[in-house]
There are 2 protein chains.
Amino acid sequence: MGIGNVSERRNAPPQVGVTSVILALESEERATRDGVSRRRLWLPLVRRTREPFKGLWALPGGPLKANRSLEESAYETLASTTDLHPTYLEQLYTFGDPSRSSGGIPMVSICYWALVEQAEFDVRDSEHNVRWFAQNDLPQLAFDHARIIDYALWRLRHRIDTPNVVRQLIGEPFTLGQLHSVVEAVRGEQLDLANFRRKMLASQMLEDTGDVLREGRRRPAALYRFNSEFESAALDPTLFTASADEVGGFGGGYGRGDHESDGGMSDELSALSALMPNTPHTR
Amino acid sequence: MGIGNVSERRNAPPQVGVTSVILALESEERATRDGVSRRRLWLPLVRRTREPFKGLWALPGGPLKANRSLEESAYETLASTTDLHPTYLEQLYTFGDPSRSSGGIPMVSICYWALVEQAEFDVRDSEHNVRWFAQNDLPQLAFDHARIIDYALWRLRHRIDTPNVVRQLIGEPFTLGQLHSVVEAVRGEQLDLANFRRKMLASQMLEDTGDVLREGRRRPAALYRFNSEFESAALDPTLFTASADEVGGFGGGYGRGDHESDGGMSDELSALSALMPNTPHTR
DNA sequence: CCAAAAGTGTTGATATTACACCCATGT
DNA sequence: ACATGGGTGTAATATCAACACTTTTGG
């Protein structure tokens, strides 16, 4: 199969596609119903109907069309292959090794990742050859999609304190308890609630709505939303907005206050280093 | 110009190219000779000979060929347009907005960045329509290349503590003084040398070679190299190797030591948050 | 001995961790 | 009253920024 002979293929431009890793955090109900100790992440895969890797599962994706932005292409592809409509997409990486299609025509994949409401994920549609899999129970995957998924999961773990991501997972407003629980689930580690709440409140990211959430027979919890200053960053990694402080690090600063004129930049990295916890001691 | 009519163009796949931002840190000699207070970064640009943006300067780049990896394409393109042969390339981002070519055919650019020896940069070749510009003295740029350069500079600043980058800038082995000076130049801020050296030594990244560097009439400095454990990460952001500690952050940990089986991951982010300095106080 | 950079010590301020404890609520 | 999470306090420790200080060299 394939088009043309070897030398023709050699000079042809490669195919370009957009591939997306869609993630959904399972609800607490489902987790307890399934008897899982912690909420898991699920993702939709599409069964391949053609070679190469026919019959295996793959990430949803499709060709990149001209006069579409990369994001638009990703959205359209998702809609047509899985009926999903995430409200937030972030570019992950572009993969282009000729080896990755192992025999097929060379394929460049511009990869995105996104989150989707739990609700959408409950659509366990078996139509369209789409199926949801738990992140820790994936089938054999086509191409290098396993690696792409790993990278997407890594990104999620490192973006979990970001307005867009949190909103997608629990909506707004939310209680500190909810936030804590989701962060724990995604990061896969336990965090001291008392310190967590203090740090969040000190971070200036949150804004008290004044409302409370009453639930069950316990004390009502204050509801927060993200401070509007802290949007930015997450959508487009290249939007390294000038703001706040630098990343932090090495030795001591000097304190001459000579910030450059090309603008300091916060963003993906600094947002994280500023907000993520240090590894706790195991004592 | 342009091929086909509008509707044909609309359905055609977009052009795909590889674009590179090459950076070189000027030597101390040049900086002092030019009377610049701090060493600057320089980058090569190519003058466009065709529309769109004919006559303006642009980043070196070229079409992506099939049966080449993205990196290979970037290397080849660089060699043919600028005669540069960086030993290290890192993917930056893929830009694909139809608007970015403003009128031309839609163009997807997979962007890389790299560092090059000061030596190579001394080749101020005016042949090939290539010219080097200081990062703070750029001409008007074609497409959205100004933005791409900003992003590359941002990445460099945040990768400056990484083996590959340091090696490219000062080679190995190096003294703590050299490292300190380069980091200061790239980050564009002054760092307390005493604290810098302590932090570096504590970081476990460095390994004493046992040798010393004698220079001038001053005390010889110990020479270090990077500990071989700390390679990884920088080349391919998706190589999030399991190692060391998590990123750090939020509230308190819990200390049950239940690291997940899918592997903790250090990498670009954690490497940075672990090593970069916090903003010094200006007092 | 001097200049200059290498390298070490110290201190106050701030942040982090781990854990004890009180608070408000519906049943 | 009591179980349950919401929310606060706090002591021990670690980290950091700042800057004073000592050491080693060539001339």
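**Strands, sheets and cysteines in a predicted model**

Strand β2 (residues 41–47) of chain B is mostly covered, with 6 of its 7 residues buried; buried means under 20% relative accessible area, exposed over 50% and partly exposed in between (1.4 Å probe, protein chains only). This is a predicted model, in which local features need pLDDT of at least 70, side-chain atom pairs count only at pLDDT 80 or more, and totals for chains, interfaces and linings use all residues. Residues are numbered from 1 along each chain as its sequence is written, chains are lettered from A and ligands numbered from 1 in the order in which they are written, and side-chain values use heavy atoms, with hydrogens and water left out.

**Terms for strands**

- Helices (H or I, at least four residues) and strands (E, at least two) are DSSP runs, numbered from the N terminus.
- Two strands pair if DSSP finds at least two bridges between them.

**The partners of β2 in chain B**

- Strand β1 (residues 15–25) of chain B pairs with β2(B) in the antiparallel sense over 2 bridges, and A24(B) has W42(B) as its bridge partner in β2(B).
- Strand β7 (residues 130–134) of chain B also pairs with β2(B), in the antiparallel sense and over 5 bridges.
- Here W42(B) stands opposite A134(B) of β7(B).
- Strand β3 (residues 57–58) of chain B runs antiparallel to β2(B) and is joined to it by 2 bridges; R47(B) has W57(B) as its bridge partner in β3(B).

**The open sheet of chain B**

- An open sheet of 3 strands has the order β8-β10-β9 in chain B, with antiparallel pairing.
- Its edges are β8 (174–175) and β9 (206–213) of chain B; each has a single partner strand, so one side of each is left without a neighbour in the sheet.
- β8(B) pairs with strand β10 (residues 221–226) of chain B in the antiparallel sense over 2 bridges, where F174(B) has Y224(B) as its bridge partner.

**The open sheet of chain A**

- In chain A, 3 strands form an open sheet in the order β8-β10-β9, and the pairing is antiparallel.
- The edge strands of chain A are β8 (174–175) and β9 (206–213), each of which pairs on one side only.
- β9(A) and strand β10 (residues 221–226) of chain A are antiparallel partners over 5 bridges, and D208(A) stands opposite Y224(A) of β10(A).

**Cysteines**

- A disulfide is a covalent bond between the sulfur atoms of two cysteines.
- Over all chains the structure holds 0 disulfides, a disulfide being a pair of cysteine sulfur atoms within 2.5 Å.
- C111(A) is buried, at a relative accessible area of 0%.
- C111(B) counts as buried at 0% relative accessibility.
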